[in-house]
Amino acid sequence: MTIDAGRNPHPIYFAGAFATGGLLTFMVHLNGELARYGSPLFSSWTAHGTGMVAAVILLLLVHRRRRPKPERGLRAPLWAYFGGLSGAATVMLTSTTVNSPLGLSGTLALGLAGQVVFSVAADSWGLFGLQKRHPDTRDIAALGLVVAGAALIILFGRGAV
């Protein structure tokens, strides 16, 4: 896929990303409630435990279909297995910050700003095997708007301290 084709994706991708954002907000809220009545570690264990149960059920349902066996010798790089660690840390940190003066909107605003900053850096430096893509003026402007929006929510939002 070329960079120009990547800038004009199918509308279903926008809808999926928007729905994922809504689910992420709901998940952070639920994990925050679990942390309030338990601890951030309990929240993370519960979220990942129920996710594992759901994944096992899904695998059992999908496994019934006959699928070709993958080629041997294809292995994921070692760093790809650290996604679970970052996921557990993310659940614990968001469970803690959502119950702080930041609240749900401040937590998600800073999380979004962090995601955008890190993804621009990852694209720019070609991290994790990504093709190097240097940010252009639009990328920097979007980055600035996201960070400014996060600052507005935190400094001047309803939950501002």
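I take helix axes as lines fitted to C-alpha atoms, over the stretch in contact, with angles from 0 to 180 degrees between N-to-C directions. I take helices (H or I, at least four residues) and strands (E, at least two) as DSSP runs, numbered from the N terminus.

**Ground rules.** I am working on a predicted model, where local features need pLDDT of at least 70, side-chain atom pairs count only at pLDDT 80 or more, and totals for chains, interfaces and linings use all residues. Residues are numbered from 1 along each chain as its sequence is written, and side-chain values use heavy atoms, with hydrogens and water left out.

**Entry 1: helix 5 against helix 6.** I looked up how these two helices pass each other. Their axes come within 9 Å and cross at roughly 160 degrees. That makes helix 5 roughly antiparallel to helix 6. My cut-offs: under 35 degrees is roughly parallel, over 145 roughly antiparallel, 65 to 115 roughly perpendicular, and the rest oblique. The crossing of helix 5 and helix 6 is left-handed. For handedness, left-handed means the near helix is turned anticlockwise from the far one by less than a right angle, and right-handed means clockwise.

Next I listed the residues in contact (heavy atoms within 4.5 Å). Helix 5 brings S105, G106, A109, L110, L112, A113, V116 and V117. Helix 6 answers with L143, V146, V147, A150, I153 and I154. By class, this contact has 12 nonpolar, 2 polar and no charged residues. I count Ala, Val, Leu, Ile, Met, Phe, Trp, Tyr, Cys and Pro as nonpolar, Asp, Glu, Lys and Arg as charged, and the others, Gly among them, as polar.

**Entry 2: helix 2 against helix 3.** I then moved to helix 2 (residues 11–37) and helix 3. Their axes come within 7 Å and cross at roughly 135 degrees. Helix 2 and helix 3 are therefore oblique to each other. The crossing of helix 2 with helix 3 is right-handed. N31, L34 and A35 of helix 2 meet P40, F42, S43, T46 and A47 of helix 3. The class tally for helix 2 with helix 3 is 5 nonpolar, 3 polar and no charged residues.

Entry 3: Is S43 buried or exposed? S43 counts as buried, at 0% relative accessibility. Here buried is under 20% relative accessible area, exposed over 50%, and partly exposed in between (1.4 Å probe, protein chains only). S43 lies in helix 3, residues 40–63. Leaving out residues up to four places away in sequence, S43 touches N31, L34, A35, V91 and S95. S44 also lies in helix 3. At 5% relative accessibility, S44 counts as buried.

**Entry 4: aromatic rings.** I describe a pair of aromatic rings by the distance of the centres and the angle of the planes. Rings of Phe, Tyr and Trp (its six-membered ring) pair if their centres lie within 6.5 Å; planes under 30 degrees apart are stacked, over 60 edge-to-face, and the rest tilted. How many aromatic pairs does this rule give? The count comes to 2.

The rings of W79 and F128 have centres 5.1 Å apart and planes at 50 degrees, so the pair is tilted. This pair links distant parts of the chain, 49 residues apart. W79 sits in the loop between helix 3 and helix 4 (83–97), and F128 in the loop between helix 5 (103–125) and helix 6 (137–156). W79 is partly exposed at 43%. F128 is partly exposed at 46%.

The rings of F118 and F128 have centres 6.2 Å apart and planes at 45 degrees, so this pair is tilted. F118 is partly exposed at 47%. I logged W79, F118 and F128 as one aromatic cluster. I also checked the backbone of F128: its phi is positive, about 60 degrees, although F128 is not a glycine.

**Entry 5: the whole chain.** The chain comes to 6 helices and 0 strands. Read along the sequence, the pattern is α-α-α-α-α-α. Of the 161 residues, 15% count as buried. Among contacts between residues at least 6 apart in sequence, 65% join residues at least 24 apart.
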